[in-house]
2 protein chains.
Amino acid sequence: MESMMIYAPIVMAVLGLIFMAVKRSWVMKQNSGDGKMKEISDYIYEGALAFLNAEYKLLAVFVVIVSIALAVVSFVVPTTHILIVVAFVFGAVFSALAGNMGMKIATKTNVRTTQAAKTSLPNALKISFGGGTVMGLGVAGLAVLGLTAFFIFFFHFFMGGEWTNTMDMTIVLETLAGFSLGAESIALFARVGGGIYTKAADVGADLVGKVEAGIPEDDPRNPATIADNVGDNVGDVAGMGADLFGSYVATVLAAMVLGNYVIKDMGGAITDAFGGIGPILLPMAIAGAGIIISVIGTMLVKIKSNDAKEPQVMGALNVGNWVSIILVAISCYVLVIWMLPKTMKMDFFGEGLQEISSMRVFYATLVGLVVGAVISSITEYYTGLGKKPILKIVQQSSTGAGTNVIAGLATGMISTFPSVLLFAGAIWASYAFAGFYGVALAASAMMATTAMQLAIDAFGPICDNAGGIAEMSEQEPIVRERTDILDAVGNTTAATGKGFAIASAALTSLALFAAYVTFTGIDGINIFKAPVLAMLFVGGMIPVVFSALAMNAVGKAAMEMVNEVRRQFRDIPGIMEGTGTPEYAKCVDISTKAALREMLLPGIMTIGFPIVIAFVPMLFGMNNMAIAEMLGGYMAGVTVSGVLWAIFQNNAGGAWDNAKKSFEAGVMIDGKMTYKGSDAHKAAVTGDTVGDPFKDTSGPSMNILIKLTCLIGLVIAPILGGHDIEATTSEDTTEEVYILNSEANTVVVAEKQIKNIVKSTTIAETSSLKSLNETEVRAQLKDAETPQN
Amino acid sequence: MESMMIYAPIVMAVLGLIFMAVKRSWVMKQNSGDGKMKEISDYIYEGALAFLNAEYKLLAVFVVIVSIALAVVSFVVPTTHILIVVAFVFGAVFSALAGNMGMKIATKTNVRTTQAAKTSLPNALKISFGGGTVMGLGVAGLAVLGLTAFFIFFFHFFMGGEWTNTMDMTIVLETLAGFSLGAESIALFARVGGGIYTKAADVGADLVGKVEAGIPEDDPRNPATIADNVGDNVGDVAGMGADLFGSYVATVLAAMVLGNYVIKDMGGAITDAFGGIGPILLPMAIAGAGIIISVIGTMLVKIKSNDAKEPQVMGALNVGNWVSIILVAISCYVLVIWMLPKTMKMDFFGEGLQEISSMRVFYATLVGLVVGAVISSITEYYTGLGKKPILKIVQQSSTGAGTNVIAGLATGMISTFPSVLLFAGAIWASYAFAGFYGVALAASAMMATTAMQLAIDAFGPICDNAGGIAEMSEQEPIVRERTDILDAVGNTTAATGKGFAIASAALTSLALFAAYVTFTGIDGINIFKAPVLAMLFVGGMIPVVFSALAMNAVGKAAMEMVNEVRRQFRDIPGIMEGTGTPEYAKCVDISTKAALREMLLPGIMTIGFPIVIAFVPMLFGMNNMAIAEMLGGYMAGVTVSGVLWAIFQNNAGGAWDNAKKSFEAGVMIDGKMTYKGSDAHKAAVTGDTVGDPFKDTSGPSMNILIKLTCLIGLVIAPILGGHDIEATTSEDTTEEVYILNSEANTVVVAEKQIKNIVKSTTIAETSSLKSLNETEVRAQLKDAETPQN
């Protein structure tokens, strides 16, 4: 008996994609302006395509290699099915498709926004946010569509479309993890590669163009200028899109895995109107509802007055955002009440099975929504123009670059305090409400607004580009004023968007971590075991070294760009006079190749370390359960350290950036107004140089690093662990221990804790043994011995 | 029956202190030079005394407050004895005494080294290293003396000087932990306060003196110059001394705690020639032997030729160092063979009791010695003049301060890679050899060379000061040349010394962590429990925020110093002409007060967080064992993150420093020799400004942070945990579960894992139940039910 509800998320995803297509064609129909505007825009579009083409070539190689590896594993390991390869490939393709879509629409929307800004600010907002909406709905729609379709396919393939038991469903979800792995692998390329790309092009263009050749920023004579503009889209649009696509898929997957274990805790089967898989369908349903809600939310973003300023624009975005969040909360309430059993049993580790009402799952989703909202405010506080931390960095700029850098570092470091307390509180609260299922659903609820978040995010770089095009094509000042209003709001949303991405990565990783533990069948990860503790250390080190590699990569790639730009200035005749055309595509190509090459080492480290930890000890005959625990320690180390370094680097980078920007309007230092060009401003520029790779390369990469690490762990998990307690112990008949107890409750706990060593019997019928004391039982057993010997 | 061996470490400590006293009087008898030299030296000495006096006042208040708190706890909590207060006070006093001694001798030795350098380099080395030796032996001697004396006292007080049982010994060691807590608390003040002091004075002196007034460095007309010189001693001599004093005591204590559990694992009592406490006495014996070995080692440090250069001086130090390490290895071998039972039983978590030969404990000590040696090489590689990482930073200086800062940060971050792999390997190996007892003894063996290490360390700032005095008193160039040779070697040893301090802190914390787990009686720390995971996150955040607070503190304190120096230049007539005397003491006082005030917030955070985590959930009625696990998660988070940030900050700071210094001799950039005063050099100076608080304030503070956190945990442990499995379960008669099994071995594991929930019986007599199947047992039980109801 299968409910139609399983198809609902697909329907909602398709509705979202249809709305996206309509919106897309509306945006494309807008006036894309005249001669010079169009020319610049076309260069950016072609550059973006060049990047995508180069990227896809490399990705194809990568996908083939990993597919072969997965196929080999699926032949060797009986618990891994070959279909995981199919899921992996589709995950990769869908993620790439989402990025492709976003990049294209963003590079088409920018010039249309400039054109609209000539006459109307409300229209400019409508178009630029429309482009963002296309991006957001594309990512969310494809994520839900792909994941749900594969789930239904595997559900029919492995289980015939009907609930059989927890172990079969585990195989379904393990295979589905391939989809998530594919998506996250592409995210690694998009985020890290994109981060290196954008900063290499930026530095290359500035150093040779501005400093050496003395031509202004964004000058078409600079061969690297198109690469620079492409970079903004590559990093902020495609990178962020792939990042959130990965989070969306992984979060829902992890919640489904934990939903499966809720059913197991309730006795292995439940009866509901959803074919007995309500707890597994719930996260998908929330994700599907989130798409429709985001459509509604985006429709609310509009302003009426042509004289509106930043607060009105920000207000319009806030209305859309908050309505989305409230609607998600309401839909979570409805869905939880509708889809979950009224009371459920959950196994709280160390406390045994507990009966909890489904309302507690709803409370857990509220925790997730609160985290999403609060982390944005925290990020805004530590990086926002005019806030106390930024003013302090500005003050410290007056005593030189050294003190500016120290102040920026300290700001980023201190910002970990409220952020980590927020995460820790969220873990605690959502777990207290509904176990790790609650943690995963908190993440799912937060991620339900992804389409809306991404629309707000992508809107930023679109307006940034629109302003650039206005400047380069020498529009009237009013056009630039209007795009500046949108751009200023976009800067704020870009910072808060990064906070949201970190929070989503953190919660997603925790959910994956919990799913990992249940997949492997271990009872927990005990860091008092020395090998586990050692791996916790190693895991903690990885994000630090990864960040350093990413930062060094930017340096190397930038130097190549510098050399190429110098070469073109030297070799192409008439380039400075505007009669020779620079070879834009060459710079784009160099930046692309350098980016993809330089991200190989951190990429290999990310993928290689968990594999080495899992398989090298296996060669030495180490116990699989011990390895699983070690790998878990490694994952925890990467997650904890990665979240810290993500917050630290993103906020420090954002703070330096805005400290520098503060000088544009002028700042008060020691009672004197200080502007651009002052020594203090130069010091602030140095700080911003340090912050650039922090906030655009290494910082955002942390999100992918922690999610991908946990996902690889999840994919390895079935190889390490038996599927379940039943599976392992049924072959384990030589080690029988009978546990008899006065209270059924106590026995359950004992059972769980020794499940890998002993087989325990179900002993409900022994509950009346209460007053039988030790001596008496022993006497019984003594008696029992005699006939046996 | 008590062995005299218990007194041996005291004897060795006293011998070491006697040797120290002899060395001290020899150093003091050396010629302290003439007029100006003496004058400058006296100012530094008085400044140091001024700092010590101010520090002691604040420390007295702190000690009184903590003593009262401990006394209250000891009245409320039956497992905590009032004598812990006495131990705490003495620990604090001994640590302060050791720091006092070191500061005094260092500030007396500097001028004597300058004087000796007038005629003889070998003599200058002999005197400066003699001063270092006094410091090293003072610290090590007092540590061993204090710890051993208190152990003997408590051993007699609580156990009558004879082995009774594990639980009594646990009380002895818990009370002894007070000594360690006292020592580490003082270290917090010395390291953090000292770090803030030295950088505040440095920046203040440079900014007003060099930049504003245009007078050279170390000019006596600069009111802050004495504070600056005092700062070198406060940070590098007293801070390092207190740090290693704390590590020394904590390591030996932790090893003793774990030795006690070895005896427990062996059945609760052993028979040996050491009153049955050989495994507990062993770490003290190694520490005692280390003192004598260090005396021998220091005697080997000498050069003969007056024309010797850096390599010869470095060679002389290396001879002393390596001989010490080899002698420690030999003495470990002898002591292990002599003092430990030939085969021992140890409880390897998750693998049950294992028989191991005592030789494996010896191998564990070798692991510790290797770690100590290798970490120094790693540090030397990442921070040493002429090494690849430094050359790269130098190259990156040519493109500005921004790229220099990025390169320095990246170097520090990448240096965590080999360091963490080394630590992880050491944890794994020493645990594999001999469990956590092995980890603690690895740390003990490494720390046995503390006196020698500290002699080498303290020698650096002494020579640095000696050079400064030579410069200020306008000696002939040959004098400065000779002190420069010593100073250059001192710079290298300072960097490697920091590596040693980090390694010691890391291993010490791990040993304390292991001791904590055994004290609380929990079975491990399972990060799959959400509250534990949340605390792992919070713990990981603390070192980051602590570092930021320390960095900000330097900034604030420096500004106060700047204002005071400006005031003196303005208000004291004739100061610039040399006719008015600057009020040196005022600057010293300001630096001191600011340092001690500014370190309060990070100090409160360090002490407060574990206390809040332990006691707030208690108010809400949370289970003590659950709290103990949470606190353990917090400790692990602080340790992992703290070690990472210590390596990162120390090595980045050291690398920037030497990149800047590289310009003094000139460096090749893009084929051109580049020197001081170039733009690249200015960029390198900016990097060094950032690195200063990294390497002298926040970086070294991490050592204390992680050790103190683990020590506070250890002191709280008895409040949280029952002492032992016997203690908790004997009150737990309502929850009886009988575990019956065919193999005794399997049962033991099961027993351990459920010990806090159920009471398990010893069931050796059921081993013949092998062929009794489930149904039959159930039938037996059914029968048993009837008469009960």
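**Asking how we know**

Colleague: Let's start with K342(A): does it count as buried or exposed, and how do you know?

Modeller: K342(A) has 8 C-beta neighbours inside 10 Å. The cut-off for exposed is 12 or fewer, so K342(A) counts as exposed. Bear in mind that this is a predicted model.

Colleague: Where does K342(A) sit in chain A, and what does K342(A) touch beyond its neighbours in sequence?

Modeller: K342(A) is in the loop that joins α8 (310-339) to β1 (343-348) in chain A. Once residues within four places in sequence are set aside, K342(A) is in contact with S357(A) and S358(A). M359(A) is 17 residues away from K342(A) in sequence, with 8.0 Å between the two C-alpha atoms.

Colleague: What about E310(B)? Why is it called partly exposed?

Modeller: E310(B) has 14 other C-beta atoms within 10 Å. Buried needs 20 or more and exposed needs 12 or fewer, so with 14 E310(B) is partly exposed. E310(B) belongs to helix α8 (residues 310-339) of chain B, and touches I485(B), A488(B) and V489(B), leaving out residues up to four places away in sequence. V328(B), 18 residues from E310(B) in sequence, is 27 Å away, C-alpha to C-alpha.

Colleague: On to helices. How do you know the length of α3 in chain B agrees with its residue count?

Modeller: Helix α3 (residues 83-117) of chain B has 35 residues, so at 1.5 Å a residue the span should be 51 Å. The end C-alpha atoms are 50 Å apart, which agrees.

Colleague: How does α7 of chain A do on length and on cover?

Modeller: Helix α7 (residues 278-299) of chain A has 22 residues and reaches 31 Å, close to the expected 32 Å. α7(A) is mostly covered, with 19 of its 22 residues buried.

Colleague: How are α4 and α6 of chain A arranged where they cross?

Modeller: The axes of α4 (residues 121-159) and α6 (residues 225-265) of chain A come within 10 Å and cross at roughly 30°. The crossing of α4(A) and α6(A) is right-handed. Residues that meet there include M135(A), V139(A) and L147(A) from α4(A), and V237(A), G241(A) and F245(A) from α6(A). By class, the contact has 12 nonpolar, 1 polar and no charged residues.

Colleague: Last one: which domains make up the division of chain A, and how far apart are their centres?

Modeller: Chain A is divided into domain 1 (24-730) and domain 2 (744-788). Taken over C-alpha atoms, the centres of those two domains of chain A are 52 Å apart.

Key: Residues numbered from 1 in each chain as written. Chains lettered and ligands numbered in written order. Predicted model: local features only at pLDDT ≥ 70, side-chain atom pairs only at ≥ 80, totals over all residues. Domains from an automatic or database assignment. Helix = DSSP H or I, 4+ residues; strand = E, 2+ residues; numbered from the N terminus. Expected span 1.5 Å × (residues − 1). Contact = placed C-beta atoms within 7 Å. Axes fitted to C-alpha atoms, helices over the stretch in contact; angles between N-to-C directions. Left-handed = near helix turned anticlockwise from the far one by under 90°. Nonpolar A, V, L, I, M, F, W, Y, C, P; charged D, E, K, R; others polar.
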